[in-house]
Amino acid sequence: MLPRHPTGEPDLAELALRALGDDAVMDALMRDVRTVSHRYCRARLGGYRDGAQLADDVAQEICIAVFQALPTFRHQGLPFEAFVYAIGSRKVADAQRSAYRSRHILVDVVPESGEAAASAESEVLGRLESQDVLALLDALPERLREVLVLRVAMGLTAHEVGTTMGMTPGAVRIAQHRALQRLRELHRNRQVTLGEVPA
């Protein structure tokens, strides 16, 4: 039986430690890595030209890189998602640089963000115009954007995000609150600029 968190979700750090010697565990781990990577890539790359395909391609690159780097993984109290994020953030940054060279174009539909539980964050994002969400996220300072993406798209807890980004859980919650406030302001300003009446 696979190790699980109290929430019932697989404990990815435990899976990672067992995966090299067990094909079934490796398969389970890589399925979860794919899910996490796909959520992250869709949230960060969905607004680019051919964003869905780009997100799929980069998520696949992340999976390959995680698989290749797995022998170097040591469980030191960090969630395994932090290991995936460290690899994923570099792959996404590379893809963004490449996409910017071929021009940044927003799409009409916000990609699915996975099966994260409904929360204040997802409600705020859900109320925004779909094509504006990714542009507004890109307008946030990088640290605030990463906190929001990790919390909403990847579904990490404040503690896990803090461990991943070198912040306390309290600092994560404050950054998350600031990011949401900034998104609201940006959205309101955008409505005014477009001649709409803010709600």
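**Entry 1: the α2/α7 contact**

I began with two helices and found that R39, Y40, A43 and R44 in α2 meet R145, E146, V149 and A153 in α7. I counted a contact as heavy atoms within 4.5 Å. By class, this contact has 4 nonpolar, no polar and 4 charged residues. My classes were these: Ala, Val, Leu, Ile, Met, Phe, Trp, Tyr, Cys and Pro are nonpolar, Asp, Glu, Lys and Arg are charged, and the others, Gly among them, are polar.

I noted the source: this is a predicted model, where local features need pLDDT of at least 70 and side-chain atom pairs count only at pLDDT 80 or more, while totals for chains, interfaces and linings use all residues. Residues are numbered from 1 along each chain as its sequence is written, and side-chain values use heavy atoms, with hydrogens and water left out.

**Entry 2: geometry of the pair**

I looked up the angle next. Helix α2 spans residues 23-45 and helix α7 spans residues 142-153; they pack at about 135°, with axes 10 Å apart. The axes are lines fitted to C-alpha atoms, for helices over the stretch in contact, and angles run from 0 to 180 degrees between N-to-C directions. Helices α2 and α7 are therefore oblique to each other. For that word I used these cut-offs: under 35 degrees is roughly parallel, over 145 roughly antiparallel, 65 to 115 roughly perpendicular, and the rest oblique.

**Entry 3: Q96**

I then turned to Q96, which sits in helix α4 (residues 80-101). Is Q96 buried or exposed? Q96 is buried, with a relative accessible area of 12%. Buried means under 20%, exposed over 50%, and partly exposed in between, with a 1.4 Å probe and protein chains only. Leaving aside residues up to four places away in sequence, Q96 touches R44, L45 and Y48. I also checked L54: it is 42 residues from Q96 in sequence and 9.7 Å away in space, C-alpha to C-alpha.

**Entry 4: α8**

Just after α8, G166 takes a positive phi of about 70°.

**Entry 5: the whole protein**

The protein has 9 helices and 0 strands. Helices are DSSP runs of H or I, at least four residues, and strands are runs of E, at least two, numbered from the N terminus. Of the 199 residues, 45% are buried. Among contacts with a separation of 6 or more, 61% join residues 24 or more positions apart.
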